[in-house]
Amino acid sequence: MDALSSSFLSTFPTQPSTTSPKLKSLTISSVRIEDRPTTQTPPKTPPPPLQPKHTAVTTKTTPSSPSYSSPPPTKPNPTTLPAAIFNLFDDFINTFVDPPIRPSVDPKHVLTGNFAPITELPPTECDVIHGSLPSCLDGAYIRNGPNPQYLPRGPYHLFDGDGMLHSLRVSQGRAVLCSRYVKTYKYTVERDAGFPLLPNVFSGFNGLTASATRGALSAARVASGMYNPANGIGNANTSLAFFGGKLYALGESDLPYAVRLTAGGDVETVGREDFNGELFMSMTAHPKVDPDTGEAFAFRYGPVPPYLTYFRFDPAGAKQKDVPVFSMKSPSLLHDFAITKKYAVFADIQIGMNPMEMIGGGSPVGLDASKVSRVGIIPKYAADDSEMRWFEVPGFNIMHAVNAWDEDDAVVMVAPNILSAEHTLERMGLIHALVEKVRIDLKTGIVTRQPISTRNLDFAVINPAYQGKKNRFVYAAVGDPMPKISGVVKLDVSGCEHKESIVASRMYGEDCFGGEPFFVAREPGNPEAEEDDGYLVSYVHNEKTGESRFLVMDAMSSELDIVAAVKLPRRVPYGFHGLFVRESDLNKL
């Protein structure tokens with residue numbers, strides 16, 4: 001969600017859930033803000049490569065104090081005189097020019113509880129404490145999210161932070177957890193320096209004075225050779241995608257970073273991927289993979305024309321030519337999109353660059369109340385933007401798209417619409433996302449809208465085999481309020497009546513919060529399988545005990561029954577998006 005940040009650096013040179021597991025209580029403490037964070041010793045030694053395990057392990061859990069540890073200390077290079085001067089200037093800016101006053105950018109507020117950063121964890125074996133892991137969970141569930149390697153002294157937003165992957169490698173009843181940073185260029189250079197070199201994207205440019213001073217400081221560090229933005233400025237902290245036989249960690253202010261898993265469950269960063277020089281600047285964190293062709297479809301957006309550029313990758317992962325979309329007349333926060341078998345679907349929302357708000361000391365990204373939201377539809381294999389068609393859909397502001405499909409001479413799109421879009425970045429607790437089904441008749445131009453649920457729902461997923469096809473079921477996270485997730489619901493979007501469409505739900509219990517669910521099909525290769533024949537997986541954290549678990553839920557059951565629970569060796573912080581990669585695909589990496 002940080003592609004617009006590139007503008008600041010582009011000038012530089014090259015409740016049925018009474019059955020939920022109950023966990024015991026303790027009070028949460030906040031993180032300390034300090035220069036040299038403390039370390040955390042991994043609770044177990046790394047396991048050998050995964051071997052068969054035929055029975056589930058049942059253990060009695062003992063509550064322990066929540067461990068909200070800081071990232072580990074590094075062995076930085078000696079600080080040079082220019083670096084010391086720049087750091088003094090940085091401290092001056094953070095203390096006197098733009099201190100973190102607002103709660104949305106105050107690290108003492110943002111990085112509390114299970115939002116606090118943790119250390120890396122080598123592969124560590126976990127205990128299955130309820131049920132048994134289904135045999136179809138043969139691979140790894142990996143979730144991405146921000147985890148700053150240095151606790152910030154200045155402003156920090158929830159969307160900032162270095163990307164950390166939390167991988168649970170599952171094989172024949174055994175589970176191994178590993179947490180590793182994505183070793184981006186930014187992470188590596190700052191690790192070696194011993195301090196941050198670039199300002200945080202979402203919090204460092206609030207107001208003209210803050211933008212000018214931090215921009216000048218960044219330019220000085222670049223000019224002195226401390227940082228080369230041509231090698232990337234992103235954190236790769238948003239999501240993951242598997243296409244072309246490779247696994248990527250993604251953040252939309254930079255290129256993808258290829259990653260892989262070892263046989264023992266460790267996570268390794270392979271490197272920044274420019275696809276033989278064909279991809280530059282950035283790419284969405286939400287590419288869409290056509291399950292029938294293996295092609296991936298993607299885009300990038302930015303603050304200067306063309307504000308939107310669409311492109312695709314062939315089944316082998318080779319990038320095809322760019323399709324600039326010049327009919328998009330202003331920059332928009334285009335975080336996600338959708339595909340059908342025929343089209344790519346984009347939402348030109350009211351949230352975008354807001355210079356007037358920035359002049360008053362606010363975020364450079366904000367709501368334009370005078371703008372009318374539009375949905376753009378372009379053929380998936382368009383050679384240029386001449387066939388792009390735009391349809392006005394007033395008040396339609398989406399951050400995530402669930403799915404879309406072709407229906408006669410129309411395109412149908414399902415997505416959570418943010419009703420209080422002005423709070424998207426500043427006061428997320430006030431956000432209410434209403435899932436809608438939008439139908440656009442391509443012949444008449446008539447747009448019809450149908451609310452699917454009145455609940456506050458986002459981070460919704462489907463069976464991946466139905467990407468771009470008409471689907472019936474959607475699995476969405478329940479905001480309580482956002483960004484905390486108190487449960488998951490199953491929606492039936494097949495009807496056309498204006499009624500509540502929730503058909504199953506699972507609430508995690510008091511003081512327990514999870515994240516985006518992910519659907520894993522029980523028989524992925526069976527074309528006759530029911531759409532909902534599979535499992536939902538997610539990390540869930542108990543804020544009283546400090547314990548995190550990996551839950552496996554039966555997607556077909558009326559209460560999304562928990563069929564397996566894995567006690568994790570330590571907490572997994574709240575994060576963003578993840579996916580399950582099967583063993584057969586892991587072996588290709």
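Is A236 buried or exposed? I checked this one first, keeping in mind that I am working from a predicted model. A236 is buried, because its relative accessible area is 4% and the cut-off for buried is under 20%. I found A236 in the loop between α5 (208-223) and β6 (239-243). Its phi is near 50°, a positive value in a residue other than glycine.

**Entry: another positive phi.** I turned to D408, which is not a glycine either and has a positive phi of about 55°. D408 sits in the loop between β20 (403-407) and β21 (410-418). With a relative accessible area of 69%, D408 is exposed. I noted both residues because most residues other than glycine have a negative phi, and most peptide bonds are trans.

**Entry: cis peptide bonds.** I looked at the bond from P305 to P306 and found it cis, with omega near -10°. P306 belongs to the loop between β11 and β12 (308-313). The bond from M482 to P483 is cis too, with omega near 10°. I placed P483 in the loop between β25 and β26 (485-492).

**Entry: salt bridges.** How many salt bridges does the count come to? I get 38, and I followed a few of them through the chain.

I began with R272 and D254, whose closest N and O atoms are 2.7 Å apart in a salt bridge. This pair links distant parts of the chain, 18 residues apart: R272 is in strand β9 (residues 267-272), while D254 is in the loop between β7 (246-250) and β8 (257-261). R272 counts as partly exposed, at 31% relative accessibility, whereas D254 counts as buried, at 3%.

Next I took D336 and K288, which form a salt bridge at 3.1 Å, N to O. They are 48 residues apart, with D336 in the loop between β13 (323-325) and β14 (338-339) and K288 in strand β10 (residues 288-289). Both D336 and K288 are buried.

My last pair was K469 and D292, joined by a salt bridge of 3.0 Å, N to O. Here the partners are 177 residues apart: K469 lies in the loop between β24 (457-461) and β25 (473-479), D292 in the loop between β10 and β11 (296-301). K469 is partly exposed at 24% relative accessibility, and D292 is partly exposed with a relative accessible area of 49%. I also noted that salt bridges with shared partners join D290, D292, K341, K380 and K469 into one network.

How values were computed. Residues numbered from 1 in each chain as written. Predicted model: local features only at pLDDT ≥ 70, side-chain atom pairs only at ≥ 80, totals over all residues. Heavy atoms only, no water. Salt bridge = Lys/Arg side-chain N within 4 Å of Asp/Glu carboxyl O. Helix = DSSP H or I, 4+ residues; strand = E, 2+ residues; numbered from the N terminus. Buried < 20%, exposed > 50% of the residue type's maximum accessible area, 1.4 Å probe, protein only.
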